[in-house]
Amino acid sequence: VSTQSTWEYARSQTECLSHEWTQSTVIASSSQELKEMVVLRFAKDLLLETIKVQFAIMRNFITFLDQIAVDAVFGNFLPMSARSKTSSDRGGDLLQIHFNKLHEGMTTNYLPLVFQNMILKCGLNHLNSILFNCILEQPSLCCMSAALHLKMVITQLTTWIHSKKIHPSCADSLSHVLQVSDILILHKELLTSKEERTKVCPLIRIHQLMVLLHQYTPDELDPEGVSPEVLESIEEEAHTTRNRDALTLGSQYDKLASYFDNSSNLDSMDYISDWVEGIGQGTPLDLINLTVPAGLVNGAEEFPQLMKLLQPQF
């Protein structure tokens, strides 16, 4: 389903809900109990339809990122066999254009800010995992030139995030790839110090660091590469923790999972519908302090404000 179709669906459902609300308020005008039932039903229906729109947009954008992200950022650094016909060197510009289109579409169609933040955070998180895993799998990306280009792309996206009314935590979703770029740019001797790594790349595990350094390729910006002494020091520390963590060099476990990958239970509208339908059953209606399923808001602090908007008054 296209994003445009999603917005058309949202507008039609909003019109239906508005019509039902008008009829219900007339019917319930004589009874306080009926008023409360109408309020609850309207809030549930509006919340469920909003979540449906959120997940439809999120799925569309995640699929789109899967198709274009790697080529958009690393097209010129990939081997010819790994490039697509649409490989581009526009990098951050291209990604920023598409994130901006997504943001404008949500704003123009009045999607509540909390859901805008959730969608953007999920998209940025997924982009973070795509680029991170690509670097682990493609030795040609482990070089100074690619790292500087990646740093520029992330900086452009971060600047864009701060220029919009987007929750600051969204920028944190790109932390892994930002730290990878710092690792590849930094003097590698500093990485043998745990204290220095805590400052530079606290999110990167020692086994992931070992992969990056093993794959690091000298180029015209850094012709020296990684010294054998640095590799030996990192390998020794990695081997010390390998048995404890049950990790092996280059294993699937070393890759970064996307937030969306871990949300399969939330991707089921049956699950969402059951949760929404259970609101207000057996307990007094309190939409403001509603307990939300883990992961649904993904750090969006505006959810109480959204619930306040969804609780209409006669």
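**Cysteines, rings and enclosed helices**

The disulfide count is 0, where a disulfide is taken as a pair of cysteine sulfur atoms within 2.5 Å. The model is predicted, so that local features need pLDDT of at least 70 and side-chain atom pairs count only at pLDDT 80 or more, whereas totals for chains, interfaces and linings use all residues. Residues are numbered from 1 along each chain as its sequence is written, and side-chain values use heavy atoms, with hydrogens and water left out.

**Cysteines**

- A disulfide is a covalent bond between the sulfur atoms of two cysteines.
- The sulfur of Cys134 has its closest cysteine sulfur in Cys142, at 9.5 Å, which is too far for a bond.
- Cys134 counts as buried at 9% relative accessibility, and Cys170 counts as buried at 1%; buried means under 20% relative accessible area, exposed over 50% and partly exposed in between, with a 1.4 Å probe and protein chains only.

**Aromatic contacts**

- There are 3 aromatic pairs, counted where the ring centres of Phe, Tyr or Trp (its six-membered ring) lie within 6.5 Å, with planes under 30 degrees apart called stacked, over 60 edge-to-face and the rest tilted.
- Phe99 and Trp160 make a tilted pair, with 6.1 Å from centre to centre and 50° between the planes.
- Because Phe99 belongs to helix H3 (residues 92-108) and Trp160 to helix H5, this pair ties together parts that are 61 residues apart in sequence; helices are DSSP runs of H or I with at least four residues, numbered from the N terminus.
- Phe99 is buried at a relative accessible area of 1%, and Trp160 is buried at 4%.
- Phe61, Phe64, Phe99 and Trp160 form one aromatic cluster.
- The charged end of Lys188 sits over the ring of Tyr216, 4.2 Å from the ring centre, under a rule that asks for NZ of Lys or CZ of Arg within 6 Å of the ring centre and within 35 degrees of the ring normal.

- The buried residues of H7 are Ser175, His176, Val177, Gln179, Val180, Ser181, Ile183 and Leu184.
- These buried residues of H7 pack against helices H4 (113-137), H5 (144-163), H6 (169-172), H8 (194-200) and H9 (206-215), where contact means heavy atoms within 4.5 Å.
- H9 is itself mostly covered, with 9 of its 10 residues buried, among them Ile206, His207, Met210 and Gln215.

Key
Helix = DSSP H or I, 4+ residues; strand = E, 2+ residues; numbered from the N terminus.
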